[in-house]
Amino acid sequence: MKCRLMMWVLFALSASLACVCSAVTTYTKTVDGITWTYTVSSDNTATVGSGDFSSGRAVPKSTAGAIIIPRSLNGHKVVAIADNAFDQCASIVSVEIPDTVTSIGQYAFSYCESLESVNIPDSMEEIGGNAFIMCRSMRGEMTLPKGLKK
């Protein structure tokens, strides 16, 4: 019994250490008056937002109006929009996504209640589940790219 308990303790400690070691470094850059939060991957590309539900937004929650996601941030090509990146940014009206972006994370634009339109480029390969849930102001049709895989 003591052996099994010790194994579970060691397993829990190793899982905890793995979480600490895999912490993501976030960066910020202000572009056209909007402060962007992003991460940089090992291939030197950027993802707007960090994917953390509570603090991982790409822009401040108070961001309003039309936004244009930058093609690059501090020289890092923006290739993805993280999970929850614009979650509850209720005053964003439209989003233009550059053709450098190939994926949109889960719940990326959830509860963007004023969001009326999103320009999704043909480069898009993946849109996560519930990416646009509760975007109550979206009207009409959204054209999805032919190369969309997921």
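Tutor: Let's begin with the largest nonpolar core, which has 31 residues; Trp 36, Ile 81, Phe 86, Ile 104, Phe 109 and Phe 132 touch the most other members. Strand 2 (34–40), strand 3 (46–48), strand 6 (76–81) and strand 7 (91–96) each give at least two residues to this core, and strand 2 supplies the largest share, 3 residues. This is a predicted model, so local features need pLDDT of at least 70 and side-chain atom pairs count only at pLDDT 80 or more, while totals for chains, interfaces and linings use all residues. Residues are numbered from 1 along each chain as its sequence is written, and side-chain values use heavy atoms, with hydrogens and water left out.

Student: What makes a set of residues a nonpolar core?

Tutor: The members must be buried Ala, Val, Leu, Ile, Met, Phe, Trp, Tyr or Cys residues joined through side-chain atoms within 4.5 Å. Buried means under 20% relative accessible area, exposed means over 50%, and partly exposed lies in between (1.4 Å probe, protein chains only). Strands are DSSP runs of E with at least two residues, numbered from the N terminus.

Student: How do you know that Phe 132 counts as buried?

Tutor: Its relative accessibility is 18%, and the cut-off is under 20%, so Phe 132 counts as buried. Phe 109 is buried too, with a relative accessible area of 0%.

Student: Which residues does Ile 104 touch, leaving out those up to four places away in sequence?

Tutor: Among them are Ile 81, Ile 97, Phe 109, Met 124 and Phe 132. Contact here means heavy atoms within 4.5 Å.

Student: How many aromatic pairs are there, and why is the pair of Phe 86 and Phe 109 called stacked?

Tutor: The count comes to 4 aromatic pairs. The ring centres of Phe 86 and Phe 109 are 4.8 Å apart and their planes are at 0°, so the pair is stacked. The rule pairs rings of Phe, Tyr and Trp (its six-membered ring) with centres within 6.5 Å; planes under 30 degrees apart count as stacked, over 60 as edge-to-face and the rest as tilted. Phe 86 sits in the loop between strand 6 and strand 7 and Phe 109 in the loop between strand 8 and strand 9, so this pair ties together parts 23 residues apart in sequence.

Student: What makes Phe 109 and Phe 132 a stacked pair?

Tutor: Their ring centres lie 5.2 Å apart with planes at 0°, so this pair is stacked as well. Trp 36, Phe 86, Phe 109 and Phe 132 form one aromatic cluster.

Student: How many salt bridges does a search of the whole structure find?

Tutor: The search finds 3. A salt bridge is a side-chain nitrogen of Lys or Arg within 4 Å of a carboxyl oxygen of Asp or Glu.

Student: Why is the contact of Arg 57 and Asp 87 called a salt bridge?

Tutor: The N to O distance is 3.9 Å, and the limit is within 4 Å, so the pair qualifies. Arg 57 lies in the loop between strand 3 and strand 4 (64–68) and Asp 87 in the loop between strand 6 and strand 7, so the pair ties together parts 30 residues apart in sequence. Both Arg 57 and Asp 87 are buried.

Student: How do you know whether Lys 149 is buried or exposed?

Tutor: Lys 149 has 66% relative accessibility, and exposed means over 50%, so Lys 149 counts as exposed. Its side chain meets that of Glu 125 in a salt bridge (4.0 Å, N to O).

Methods:
Helices (H or I, at least four residues) and strands (E, at least two) are DSSP runs, numbered from the N terminus.
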